[in-house]
Amino acid sequence: MNVQSLRIPDFVAFNQRVHQRIDPWFERKWVRRLTWAGVAVFILGSIVFVYFATGLPSSEKLLGYQPPLPTNVRGYDGNPVQTFARERRVELAYDEYPPLVVEAFISAEDKTFFSHGGLDYPGLAGAVFDYTTKSVTGGRARGGSTITQQVAKYLLQDDEYAISRKIREAILAFRLEDTLSKEQILELYLNSIFLGRNAYGVQAASRAYFDKDVGDLTIPEAAYLAVLPKAPSNYDPVRATQRALDRRNYVLREMVNNGYITETQRAAAAATPLGTIRYGSSAKFRDQGGYFMEEVRRDLLKRFGEKAEDGPNSVYAGGLWVRTSMVPKMQDAAAEALREGLAQFDGGRGWRDTGLSIDVDRDWQTQLRITALGTGFPDWKKAVVLSKSSSSANIGFPDGSTGVLPESAARQPKRGGGGSAFSNLRPGMVIIVKQLGANSYAIRSIPEIGGGFVAEEVRTGRVLAMQGGFDVVGSSYNRATQAQRQPGSAFKPIVYVTALENGLTPSSILVDAPFCVWQGAGLGNKCFRNFDGKYSGPKTMRWGVEQSRNLMTIRAASQTGMDKVVANAAKMGVGTYDKYLSIALGAGETTVLKLTNAYAMLANQGRAVTPTLIDYVQDRNGKVIYRTDNRCQIMQDDNGGACNAADWDGKSMPRPPSRDKQVIDPQAAYQMVHIMEGVVERGTATVLRDLDRPMFGKTGTTSGPTNVWFVGGTPEIVAGVYLGYDQPRPMGGYAQGGRIAAPVFKQFAQAALKDMPKIPFVAPPGIRMVRVDRATGKRVFGAFPTTVDPKSSVIWEAFQPETEPRRSFRRSIELASAQKESAEGAPARAAAPRRATSRPTQRTPADSGEFLQRQGGIY
């Protein structure tokens with residue numbers, strides 16, 4: 001076939017035929033008007049669509065949409081301990097929702113959901129008519145939204161009462177129907193709809209109202225949840241019980257009409273009470289962790305941001321799963337111990353007004369519930385004074401219950417003012433009480449003294465417990481990490497371990513006598529003193545540490561060099577200080593966390609550890625996006641890295657690099673720990689001796705005294721605690737670290753270490769354990785230490801190679817006896833051993849066999 005054979009259509013003739021048919025119609029005026037009106041409507045509709053559709057989510061965004069999810073936090077063992085949420089939500093797949101729940105919500109909200117295309121036109125017409133009527137008569141028109149439109153409204157995050165919002169909803173509803181299946185739309189709805197009690201989605205609401213999962217809901221429970229999307233506050237189970245019941249029963253009738261349940265099931269369900277739980281009673285993890293969790297939250301905010309706009313892994317929308325190092329048992333023990341210590345110190349100083357008040361004439365339950373006031377102890381409660389008579393006061397609690405505060409239970413004097421606590425009570429005052437009987441309470445007050453507590457794992461630096469004050473509610477200032485305080489004598493181990501690195505030994509003699517330093521013409525002479533103002537003359541370094549003698553510490557620092565002391569303090573992360581001798585006595589500021597971590601380095605034989613609260617973080621899909629232990633990342637290579645290799649490559653097993661580096665000589669670190677074991681056995685922390693386990697530590701008391709400290713622990717766990725006022729001022733002459741801070745640690749250890757094995761401190765290679773006289777530091781022969789008497793005159797002392805005492809007076813006597821023995825014969829030989837032993841000693845397996853095997857060199 002060639003080109004000439006192709007037949008070209010006669011478009012001219014076709015055009016003439018069209019005009020012959022249409023032109024007669026356009027000669028009619030009404031046709032022309034109707035046509036142009038249609039064109040105008042089309043153009044106007046296109047303009048309106050373009051205008052209102054601008055900014056709406058695209059189909060791609062709708063397909064990839066993920067609702068905001070809270071961050072879930074787990075403890076060291078993987079169990080949930082806390083959640084960070086502004087929208088309390090649990091995301092489920094459509095198949096995870098039981099049919100009963102789906103049927104209840106469809107009956108209540110949109111019975112034609114599975115048949116319409118996004119809009120319910122009869123309902124829309126009724127809504128338009130109602131809106132027109134209400135525009136004239138006043139009031140708010142009823143809604144006519146389908147479930148698809150409600151999802152669109154949620155995605156738009158727009159509650160404006162305007163036609164423009166409804167137009168945008170309608171456009172987005174059509175787009176949703178075109179993009180997603182009905183099941184996907186319903187899944188979005190059931191996961192996103194707000195149902196009151198800060199619950200977004202049906203699973204969260206099921207927990208908030210019934211403390212159940214959706215799969216366990218009964219027919220009346222599912223029907224009640226289905227009434228809440230309209231207006232949760234209007235159907236509150238406590239304030240609007242009857243209205244909630246009426247609406248629930250309406251949903252039950254609709255379920256019968258739709259064929260989802262039988263009439264018999266409806267009747268039984270309608271006769272059932274609502275059965276909801278009290279608001280907040282299902283929040284199992286809300287208060288667990290306290291300051292620890294607040295520190296975790298701050299860390300996450302810095303790394304990932306707060307809102308969805310800050311990134312896909314934000315704290316309040318990203319659905320993160322966070323594994324922390326918190327041990328709930330230890331955290332509870334730390335919180336309880338610190339609170340007891342603060343309350344005990346503050347007791348007897350009078351009642352403190354909280355300074356908070358509310359209006360008892362207006363919904364005082366809600367006002368009281370949202371009042372930022374932490375009570376600390378589980379049996380302490382916040383309350384409001386409702387009324388008062390001469391003998392008692394009526395008080396109310398956040399759950400709406402009431403009680404009686406008798407005058408006899410509020411007789412403490414008011415701190416800083418006249419009269420008793422009861423005489424100062426007024427209606428509307430927010431107070432703290434403790435329950436005494438069935439309906440009787442006693443007044444309490446939040447301690448004015450503050451403090452911080454940290455427990456850390458020695459080998460890894462993982463923080464196991466942290467308490468930054470009495471209660472994080474109302475006081476988020478974390479004194480464990482933010483409070484810069486002078487550690488006092490708790491800093492001395494940094495001085496002494498530096499001295500041990502530079503030639504001194506535990507048996508070195510330091511003079512406990514006046515020591516003054518010329519500071520220049522402007523400052524004059526600076527003379528140091530001991531806490532008790534007394535002097536003891538020449539003593540061993542060990543004795544100086546155990547009895548916390550300031551003047552011996554100053555001499556050790558002066559002899560070693562303050563430049564070396566502050567260098568070690570910086571390497572151990574305690575702080576950066578100037579080279580003043582007063583720093584050796586703890587005049588430089590640091591935090592509990594930093595000093596506790598430094599002690600952990602000593603217990604870890606001088607290897608550096610970094611304190612961490614988070615082990616790793618996963619995104620909502622389970623992918624690890626942050627890990628504290630990054631050794632695998634360090635091992636990465638061009639082939640993907642040894643940690644995540646697809647299969648064994650035939651080579652030797654990969655060895656991750658060490659997590660830490662050596663910052664302190666291991667032998668000096670062990671010597672320091674061994675000396676501080678004596679602080680517990682016979683020094684300033686003997687209150688801990690009856691814990692009956694290997695333990696080291698050091699107390700601290702600053703000038704004033706304004707702060708009291710104790711830091712120490714076992715080979716596995718080190719903890720630190722301080723107490724002091726937020727605005728430093730004297731705590732009273734009685735305040736000392738051994739009297740106030742050490743008992744706090746003891747209470748913690750009794751609970752936290754109860755079931756842990758008793759593991760001894762292990763000496764590093766090269767350490768020589770030598771028997772010495774505890775008072776003089778001189779070597780002893782023929783006598784052995786005893787564990788029966790902690791103040792035994794003979795002890796095992798740890799020495800670095802070639803630093804142990806070579807001769808002693810006792811050894812000279814032995815040599816003289818041997819010489820005499822050789823001259824006089826057997827009787828002298830028989831008597832010599834008795835003269836060499838100053839007193840009888842009791843030898844046990846711990847004194848000899850087991851102890852010697854684990855310590856290395858014995859002399």
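Which residues in α16 meet which residues in α19? Ile494, Val495, Thr498 and Glu501 in α16 meet Lys564, Val565, Asn568 and Ala569 in α19. This is a predicted model, in which local features need pLDDT of at least 70, side-chain atom pairs count only at pLDDT 80 or more, and totals for chains, interfaces and linings use all residues. Residues are numbered from 1 along each chain as its sequence is written, and side-chain values use heavy atoms, with hydrogens and water left out.

**The whole protein**

- The protein has 26 helices and 22 strands. Both are DSSP runs numbered from the N terminus: helices are H or I with at least four residues, strands are E with at least two.
- Buried residues make up 49% of the 859 residues. Buried means under 20% relative accessible area (1.4 Å probe, protein chains only).
- Take the contacts between residues at least 6 apart in sequence: 69% of them join residues at least 24 apart. Contact means heavy atoms within 4.5 Å.

**Helices α16 and α19**

- Helix α16 spans residues 492-501, and helix α19 spans residues 562-571. Their axes come within 9 Å and cross at roughly 115 degrees. Axes are lines fitted to C-alpha atoms, for helices over the stretch in contact, and angles run from 0 to 180 degrees between N-to-C directions.
- That makes α16 roughly perpendicular to α19. The term covers 65 to 115 degrees; under 35 is roughly parallel, over 145 roughly antiparallel, and the rest oblique.
- The crossing of α16 and α19 is right-handed. Right-handed means the near helix is turned clockwise from the far one by less than a right angle.
- By class, this contact of α16 with α19 has 4 nonpolar, 2 polar and 2 charged residues. Ala, Val, Leu, Ile, Met, Phe, Trp, Tyr, Cys and Pro count as nonpolar, Asp, Glu, Lys and Arg as charged, and the others, Gly among them, as polar.

**Helices α4 and α10**

- Helix α4 (residues 99-109) packs against helix α10 (residues 219-227) at about 40 degrees, with the axes 8 Å apart. The two are therefore oblique to each other.
- Their crossing is right-handed. From α4 come Leu100, Val101, Ala104, Phe105, Ala108 and Glu109; from α10 come Ile219, Ala222, Ala223, Leu225 and Ala226.
- The contact of α4 with α10 holds 10 nonpolar residues, no polar ones and 1 charged.

**Asparagine 530**

- Asparagine 530 sits in the loop between β13 (525-528) and β14 (537-540). Its relative accessible area is 1%, so asparagine 530 is buried.
- The asparagine 530 side chain reaches the backbone nitrogen of leucine 551 at 3.1 Å.
- Beyond neighbours within four places in sequence, asparagine 530 is in contact with Asp512, Tyr535, Arg549, Asn550 and Leu551.

Conventions:
Buried means under 20% relative accessible area, exposed over 50%, partly exposed in between (1.4 Å probe, protein chains only). A polar contact is a pair of N or O atoms within 3.5 Å; within protein, one must be able to donate a hydrogen and the other to accept it, and residues adjacent in sequence count only if both atoms are side-chain atoms.
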